[in-house]
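This note sets out some points for a colleague who is meeting the structure for the first time. Please read them with the model open alongside.

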Amino acid sequence: MAEIDCKVVKIIVKKDLNSFVNNLIKDKTREIVGVKAKGEKFVFGPLENADELRLDYDVTILPPKKYFLPPIETLMDFNLEKPFDVQESDVEKPRVIVGMHPYDIIALEQTDKLYLDSQKDDFYRKRRDNTIIIGTDIQNVSERSFAASMKTNVTESGFDLMLTNLEGKYAVTIGSEKGKRLLEKYAKTTAATDSDIKKIKAIRKHIASQYTKKVEIDKKEWSSVLVANYDHPIWEKKSDECLECSSCTMVCPTCFCYDVKDEVSLNLKDGQRIRTWDGCLLRDFTKIGSGEVFRGDVKERYRHRFFRKGNYLPERYGFVACVGCGRCGTACLPDIANPCDVMNELSHFERSDDTGRFFIKQKTEIQDKGIIHIPKGATLKRKEKLTVMEMLFEIELDDKKPLGHKPGQFVEVSIFGIGEAPISVSSAPSKSSSFEIVVRKVGNVTSKLFAMSVGDKLGIRGPFGNGFNVKELEKKHLLFTSGGLGIAPMRSLINHVLDKNNRKKFKNITILYGSKCPDEILFMDEVEEWKKVDDVRCELTVDQCVDDECWTGCVGLITTLFPKIKLDKYDSENTIAVIIGPPVMYKFVIQCLLTLGIPEENIFVSLERRMKCGVGKCGHCQINGVYVCKEGPVFNYSQIKHLPEAFE
Amino acid sequence: MKPRVAFFDFASCEGCQLQIANLEGEILDLIEIVDVVSFREVMKEHSDEYDIAIIEGSITRPMDEKRLRKIRRHAKILVALGACATIGGVNKIRNHRPVEQVKKEVYGDTDFKDNEFFDTFQTKSINEVVPVDCYIHGCPINRDEFKQVIIALALGKKPEVPNYPVCVECKKNENVCLFELGKFCIGPITRAGCNAICPTNGSPCDGCRGILQKPQIECIMDILEKYDLTYEEMKRRCTMYNMSIFNPSEGMTFARRGSK
């Protein structure tokens, strides 16, 4: 335990602590929130009187995260008749939270790392700036908590003031200038003596000894234990009992995934974009527009929660995202959620040295530094029907600036009243103020897009994702393989490398493109143009062709095109292959490429997941420890082949 | 043009339509966005020209089935309104017994042989007879959810029905879990969307919005044991909305195994 400086500790007698809280309540400039009883349990709630405050509580039902990321909050108000007169919602009035336990304070500091990174969440930031935190040392230990063994029962940071009950009086440790001023203004205190400091230490030591639940693996080791036991039978065994209710994530102070939806009022004009808590144990968490679910088995979802806490976030931020509060254990009816029990069961098994196995260390360049939730106004310039199901949309940003995207990046297309959908950019980067997307009509947003007319307004967030590093492709032969709608993002890359200013930077180019049937081939006219460029080869195939369809080309899956390509040893090592297509296609095409002798590190794939927020916060697009919206959607195959969730 | 909406009722208490009538002032906003052409509960006019048919009630007679099929042919969008329509509702309790026995219990020995009004079969939900485009669950329905569905249909959007359990909403409301108060609640496996109104007010969930998934029987047994609850308590909770979280045959085995 670090030394406590006598100068930052004040003493306040019990009745003066009550007056302090009552003075704060009377002041009315801030909402005063504290721990109160609810039946035999405790909750954080607005205080009307200091007598309600229960600093002797063990644990609250919900953590105080509800004051920073509320279960339901309005992100913005819109009017469908004036779609881009959008107002970001105001956050509540300033607040003082009294009685946060150290583990909850540590959880909040962890949330800061995610929500106050280079793409700050504005709402979270405002509430964080607006809130004064008065912590309290734990007085009664919750039966299911294992905070002492996580070293989260005490904290030296993250609070403005910290109270310690010294029987009849409280020690107040000052943690910030804000806290100091609050104390000076509203409370009567005296200086602390060395003996008070000794008492604080003794009390903390005593509380630590009261924990009966202990995790036997040091938190530094969680990552290595989990990674070594990714396929351990424990996941199947425990998840067999799982009710998939996600109560464990709802009550967790370090679960901060969210969903966003639009609500419109009965006048069909006014509406709100609303953010709600989401949970990775729920079935639809990873479901994308076309209906695909990426963590379909409850075992995978159950395991994901533990890996996110014990491996994925630790690798990314350096902390175990579990503070040992034990709330999940209480909320879980079959009692399978408490990480303490799971880690203890795994403690007898292997450790792994390769803790970064499910994670990609990669710096993402942030292009859009604006407010992360508010879309930029844009106008639909052109609609072009490509097939029965697919349409091309040309969109111009209202500020008339180019989108500034790289091939392979995506945007969030936002239609107020309906919602948002991630869609990859299909046009090559250009100085033009407009860009193109290709959309298949599958969900609400895409159906609405189909119904829109030229001149209609829509919103754009992004571009997001890493996109292709085109420099890496220079002086190489290129082999592009796309299936179905994968041609849409691939077209951005193809048109970029085939641009007359760029063409000479690349060697021979081979384009393989497979569709379900001749009717579904996109950009046939452009394919003909591509073929005309020097040293470009285009091979098309269709999975099936009905007799009366006019198709003289190859019939068969995309893999049937590979025997046609013959690369000698020299060529294959100097070839970069890019694959974009439906999830099922990747492993077969990768096999073909490896057979051709193309090295793993020369293979790039672009993967689709549910990229809901685009800024690495909402949690939906994760492939093991990787955020597709930040580290992807373009990946080097050699980097993600170890990720079990990449090519299921 | 505003979509034309017609309400129809089958075996039900009409409580869900009453919920809509109870929108009161908001009904005026509602008829700004849709044309109500038939709604027995609040108007006497009726028309068979409609785009959206909203059906309350379950199907209990061959003549109901015929009428429902006709409605389906007329309607572009068919909405099942309330638990009777979406899952069969309380009307399905009788399916536990043979139809003949039920008839005898209600009508005694009276012979209704040739009267189609009394000709009944096992209760069916709407989707057991015709395809349903959209569900508004609950007993009764949640008025806000009804409004959201109508708004979505008016905007040309497919209404979203929560595909997660009541626990999610209950946790957001920060309720003390009813299991901890010694009550058996079916919230963990029941579809949400009600904002956990029953548990929030201290009453365990009866599952009126339908079951999301069948839990493992061993799991239920462990939970009963953990919270010192009886098999009877659970069975009682599961009866009202016919929540067969176990097959009758499994149930028998289970009753013996967990005889508390």
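1. Conventions. Two strands are said to pair if DSSP finds at least two bridges between them. Helices (H or I, at least four residues) and strands (E, at least two) are DSSP runs, numbered from the N terminus. The model is predicted: local features need pLDDT of at least 70, side-chain atom pairs count only at pLDDT 80 or more, and totals for chains, interfaces and linings use all residues. Residues are numbered from 1 along each chain as its sequence is written, while chains are lettered from A and ligands numbered from 1 in the order in which they are written.

2. Strand E8 of chain A and its partners. E8(A), residues 161-165, is joined by three bridges to strand E7 (residues 131-136) of chain A, and the two run parallel. Within this pairing, A:Thr136 stands opposite A:Leu163. On E9(A), A:Val172 stands opposite A:Leu163. Five bridges link E8(A) with strand E9 (residues 169-174) of chain A, here in an antiparallel arrangement. The hairpin of E8(A) and E9(A) has three residues between the strands, and A:Glu167 takes a positive phi near 60° there. A residue is called buried if 20 or more other C-beta atoms lie within 10 Å of its own, exposed if 12 or fewer, and partly exposed in between, with C-beta atoms placed from the backbone. Four of the five residues of E8(A) are buried, so this strand is largely enclosed by the rest of the structure.

3. The sheet of chain B. Five strands of chain B form an open sheet in the order E2-E1-E3-E4-E5, with parallel pairing. Its edges are strand E2 (35-38) and strand E5 (134-136), each of which pairs on one side only. Neighbouring strands are turned by 25° against each other on average, direction ignored; the axes behind this angle are lines fitted to C-alpha atoms, for helices over the stretch in contact, and angles run from 0 to 180 degrees between N-to-C directions. Strand E1 (residues 4-9) of chain B is joined to E2(B) by three bridges, and B:Val5 has B:Val36 as its bridge partner in E2(B).

4. The interface. Two residues are in contact if their C-beta atoms, placed from the backbone, lie within 7 Å. On this basis, 32 residues of chain B are in contact with 35 residues of chain A. Helices H2 (25-33), H6 (143-155), H7 (166-172) and H9 (217-226) of chain B each give two or more residues to the side of chain B that touches chain A. The largest share, five residues, comes from H6(B).

5. The nonpolar core. A nonpolar core is a set of buried Ala, Val, Leu, Ile, Met, Phe, Trp, Tyr and Cys residues joined through C-beta atoms within 7 Å. The largest one has 246 residues, and those with the most contacts inside it are A:Val413, B:Ala53, B:Ile55 and B:Val79. Helix H14 (residues 487-498) of chain A gives the most to this core, with seven residues. Leaving aside residues up to four places away in sequence, A:Val413 touches several residues, including A:Ile423, A:Leu449 and A:Ile460.

6. Which residues of helix H17 (residues 586-595) of chain A are buried? They are A:Tyr586, A:Val589, A:Ile590, A:Cys592 and A:Leu593. These residues lie on the same side of H17(A) because they cover an arc of only 160° around the axis, the arc being that of the directions from the helix axis to the C-beta atoms. On the other side of H17(A), A:Lys587, A:Gln591 and A:Thr595 are exposed.

7. Backbone points to inspect. A cis peptide bond joins A:Gly462 and A:Pro463, with omega about 10°; A:Pro463 lies in strand E18 (residues 457-464) of chain A. Another cis peptide bond joins A:Gly632 and A:Pro633, with omega about 5°. A:Asp535 has a positive phi of about 55° although it is not a glycine; A:Asp535 is exposed, with 11 other C-beta atoms within 10 Å. B:Glu14, also not a glycine, has a positive phi of about 65°, and B:Glu14 is partly exposed, with 17 other C-beta atoms within 10 Å.
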